[in-house]
Each structure stands twice: as structure tokens, then as C-alpha cells.
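Hello,

Here is the structure I promised to pass on. Please load it first, then read the notes below.

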Amino acid sequence: MIGALLWDVDGTLAETERDGHRVAFNLAFAAAAVPWRWSEQRYGDLLRVTGGRERLLHDMEVQAEAPRAEAQRRELAARLHALKNEFYAEIVERGELPLRPGVSELLDDCRRAKVPVAIVTTTTRANVVALLRRHLGTDWAWRFAVLVCAEDAPRKKPDPQAYQVALGELALPASACVAIEDSPAGVAAARAAGVAVLLTRSYYFSQTPPDGTLAAGPGLGVTAGWDPPLAAGDSRVNLAQIARWHATLPTAAVA
Ligand code: XBP
Ligand code: MG
């Protein structure tokens, strides 16, 4: 059995970007009387920049109405980001961002098998807490051994820092763990930390190449389209299948 599952949030636990963060950013722009809005397509391009505040600062480089001075840009980005997170929490609370199919079931597999689960994300902690509390209830925290968010690892994916912090807190070698990711930056971060990656493609990262991944497919709740394929008869990606994939690695460590 594997030592721990290291789970990304945005795009992986839930499709949070197009109808969550993007919509909340636009509400924040309107509330702060900032004249620009992010279309679905533009936001997809901006997702190459990880971190909401970093994304705002990057976009300000091409916005004619953005403040000229660096200090003012930083102040505006911080204000917009805080506002965005408030609107995001409201969207989450209304139930508009469900967990992706197969996520709850795999979490239950881990609980039954006593395999620790870590959250490893570049997202602000408040956003993660809002999402997990909404779907797993007020006692959501006991399901996770470790929670590594933006505040714990300021160097954002594709930097491996978030994964390194999580492995340190779990006190497990990278070779005993499996990460679940959706984006090229997430895959790169996990790989750079030496962690094998299961890739579940998402709305904005439907084309993420499977390079260097343990397995890649359209989602945990989907049986078709996985490479390597699922065991015959399985109706979703379960923990036993992940352990089988992991055991094929020459360097796999058994926890
Ligand atoms: C997630 C991010 C975050 C979210 C928004 O990347 O890059 O910036 O888009 O959250 P990953 P914040 O899924 O690879 O962790 O606004 O809190 O940054
Ligand atoms: Mg992601």
C-alpha cells in the first residue's frame, strides 16, 4: 500500500477555476470599480501564472488602467485578492462548486485503509477550508493529516516547495507517496519533489501531457480513457488501483 496521497485542490478536488475563482475575481473588479473583466478564455491563459495575487499582478502589466507605480499595483492586487476570496467563499457556500466525481469515494478508501491524505496547493488556506467544510462538514479536518496552502509554501507551483513541506510534515519519503494533480505546473511541482503523479485532466488543463506521470485520465470517477487502463470491472479509480500503479515503479517504497 502507498504511504500517503498528496492532493491538489483547484481543478483536481473540484473544478473551481472557471465558475469559482474567475467569477469571484470579476465580482471583485466590479466591487472595487476596476474596469477590466476576465473572460473564460483570458482566464485560461492567465492560469499559467499560479497564485491569485501573482495572476493579478501579471495581468496589470497589460491593463492600460492599472496603476503605474509598483507599490500601488501591489496594494491594489492585495485588496482585489482579499475581495475575490470573500466572493469565492460565497460561491462555494451556495454549493456551486461540487467535488469532482470519484473524489469522495477515494477519500473514503483512504480512511478505511488508514492511508494519510495531504492537501498540497498554492491556493490561500481560507479558500481550501471553505471548500472542504462545505462538502465534508464542519469536522472535515480530521480527514487530512497535513494541509499545505499558499501561506505554508510561498514559492508556488511549479516550485516543489509545497510538496517538500508536505513530505516533511508527513515524515515520509517521496517514493512512498502519490500526488493527484491536473495542471502542468502541479505535475512539475510533484515530480521535482520526487513524487509520482496521477493526472486527472480538468476543464482548463484538458491537454496536460502525461509526461512522467504514473497514470493519466479524464477523472477519478471515469473508467474509460485511463493510460494505463483500470483493472477490468473497476467502476472508478480506487486506492487499490493507485497502489497497483505505484508498485510498478522501480523506485516505489512501501510505507
Ligand atoms: C491553484 C492556483 C490558485 C487558484 C486561486 O493552483 O494557482 O492561484 O487559481 O487561488 P494549483 P488563490 O491547483 O496548482 O494549486 O487566489 O488563493 O491563489
Ligand atoms: Mg490544480
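**Cysteines, sheet and metal site**

Cys177 is buried, at a relative accessible area of 0%. Bear in mind that this is a predicted model. Cys110 is buried as well, with a relative accessible area of 1%.

Do these two cysteines bond, or are they too far apart for a bond? The sulfur of Cys177 has its closest cysteine sulfur in Cys110, 11 Å away, and that is too far for a bond. A disulfide needs the sulfur atoms within 2.5 Å. The count of disulfides is zero. Cys110 is therefore in no disulfide, its nearest cysteine sulfur being that of Cys177.

Six strands form an open sheet in the order 3-2-1-4-5-6, and the pairing is parallel. Strand 3 (146-148) and strand 6 (215-217) stand at the edges. Each has a single partner strand, so one side of each lacks a neighbour in the sheet. From one strand to the next, the twist averages 20°.

Strand 4 (residues 177-181) and strand 5 (residues 196-200) run parallel and are joined by four bridges. Ala179 has Val197 in strand 5 as its bridge partner. Helix 5 (residues 103-113) lies across strand 1 (4-7), strand 2 (117-120) and strand 4. Its direction is at about 150° to strand 1.

Last, the metal. The magnesium ion (ligand 2) has three protein donors: Asp8 (OD), Asp10 (O) and Asp182 (OD). They lie 2.1 to 2.2 Å from the ion. Along the chain, the donors follow the spacing D-x1-D-x171-D. Asp8 and Asp10 are buried.

Best regards

Note on methods. Residues numbered from 1 in each chain as written. Chains lettered and ligands numbered in written order. Predicted model: local features only at pLDDT ≥ 70, side-chain atom pairs only at ≥ 80, totals over all residues. Heavy atoms only, no water. Donors = N, O, S within 2.8 Å, 3.2 Å for Na, K, Ca; no water. Buried < 20%, exposed > 50% of the residue type's maximum accessible area, 1.4 Å probe, protein only. Pairing = 2+ DSSP bridges. Helix = DSSP H or I, 4+ residues; strand = E, 2+ residues; numbered from the N terminus. Axes fitted to C-alpha atoms, helices over the stretch in contact; angles between N-to-C directions. Contact = heavy atoms within 4.5 Å.
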